[in-house]
Amino acid sequence: MNGPLIQLTGVTKTFGEGEAAFQALRGIDLSVDEGEFLAIMGPSGSGKSTAMNILGCLDVPTTGSYRFRGVAVDRLDRRQRALLRRRHLGFVFQGYNLLPRTTALENVELPLLYRGVARAERAALARATLAQVGLTGWEHHTPAKLSGGQQQRVAIARAIVTRPTVLLADEPTGNLDSEKGQEIMALLVALNRDQGITILMVTHEPDMAAFARRIVQFHDGRIRSDSGLTASAA
Ligand SMILES: Nc1ncnc2c1ncn2[C@@H]1O[C@H](COP(=O)(O)OP(=O)(O)OP(=O)(O)O)[C@@H](O)[C@H]1O
Ligand SMILES: [Mg+2]
């Protein structure tokens with residue numbers, strides 16, 4: 001493929017209007033190639049989740065442009081953006097919790113149901129993906145009967161069961177102890193390496209960011225540093 005997978009150019013995001021207006025993003029330029037594993041870091045309130053929501057087509061920039069495989073996302077309508085999201089993007093977001101009274105298997109099947117995949121194929125794909133995240137034998141457990149790390153694995157399985165181009169993960173290890181966090185990171189590294197899934201991950205923890213191959217630092221709605229800039233310019 002020619003050109004970057006993801007390209008943000010001069011992206012700003014303003015919440016509210018007039019006196020109450022707040023500019024959460026103040027001009028973000030970011031280019032990500034297919035196959036990258038990128039960590040986004042930065043202080044609380046620096047705009048990381050706002051940027052992830054835009055990258056995930058859950059929100060749109062106030063100004064600036066977002067291109068996905070060269071397609072101007074900001075010119076797509078709601079329906080087209082939803083299609084792009086369904087076809088290419090997987091999410092592990094704090095707001096995307098598992099359904100409580102629903103088994104691990106059913107949770108992972110859900111995105112396939114939305115895609116109209118037939119029942120038997122749905123179950124087979126969901127089982128295989130749960131196996132991939134190390135949860136064989138746990139298919140029929142509801143989230144309450146799983147540990148935090150296991151729940152996070154289910155969330156990852158649900159995000160990747162559709163074989164997305166990009167996995168967007170906002171603090172995927174946020175609620176886990178360090179050992180569980182390392183296990184989740186090892187899983188993300190394997191997905192990136194073995195399946196070529198491009199990963200964009202927000203984390204506060206330097207230990208977790210160290211697993212990524214590129215680190216982008218946000219500060220006050222801007223990118224303060226980008227370890228990938230020299231590499232991508234070459
Ligand atoms: N829907 C919204 N309406 C108004 N302000 C918002 C909205 N979403 C975010 N903000 C503001 O934008 C700024 C950036 O928020 P964002 O959630 O992107 O920060 P963050 O870097 O993800 O922080 P954290 O590390 O705490 O998750 C914050 O000051 C926040 O209050
Ligand atoms: Mg956030």
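## A helix across the sheet

Helix α6 (residues 178–195) lies across β3, β7 (166–170) and β8, and runs at about 150 degrees to β8. Contact here means heavy atoms within 4.5 Å, and angles run from 0 to 180 degrees between N-to-C directions. Helices (H or I, at least four residues) and strands (E, at least two) are DSSP runs, numbered from the N terminus.

This is a predicted model, in which local features need pLDDT of at least 70 and side-chain atom pairs count only at pLDDT 80 or more. Residues are numbered from 1 along each chain, and side-chain values use heavy atoms, leaving out hydrogens and water.

## The open sheet

Let's turn to the strands. An open sheet of mixed pairing is formed by 6 strands, in the order β6-β7-β8-β3-β9-β10; two strands pair if DSSP finds at least two bridges between them. β6 (89–92) and β10 (222–226) stand at the edges with a single partner strand each, so one side of each has no neighbour in the sheet.

Within this sheet, β3 (residues 37–41) and β8 (residues 198–202) run parallel and are joined by 4 bridges. Phe37 has Ile199 in β8 as its bridge partner.

## Two packed helices

Helix α4 (residues 119–132) packs against helix α5 (residues 148–160) at an angle of about 130 degrees, their axes 9 Å apart. Thr129, Leu130 and Gln132 in α4 meet Val154, Ala157 and Ile160 in α5.

## A buried threonine

Thr50 belongs to helix α1 (residues 48–55). Its relative accessibility is 14%, so Thr50 counts as buried (under 20% relative accessible area, with a 1.4 Å probe and protein chains only).

Note on methods: Chains lettered and ligands numbered in written order. Buried < 20%, exposed > 50% of the residue type's maximum accessible area, 1.4 Å probe, protein only.
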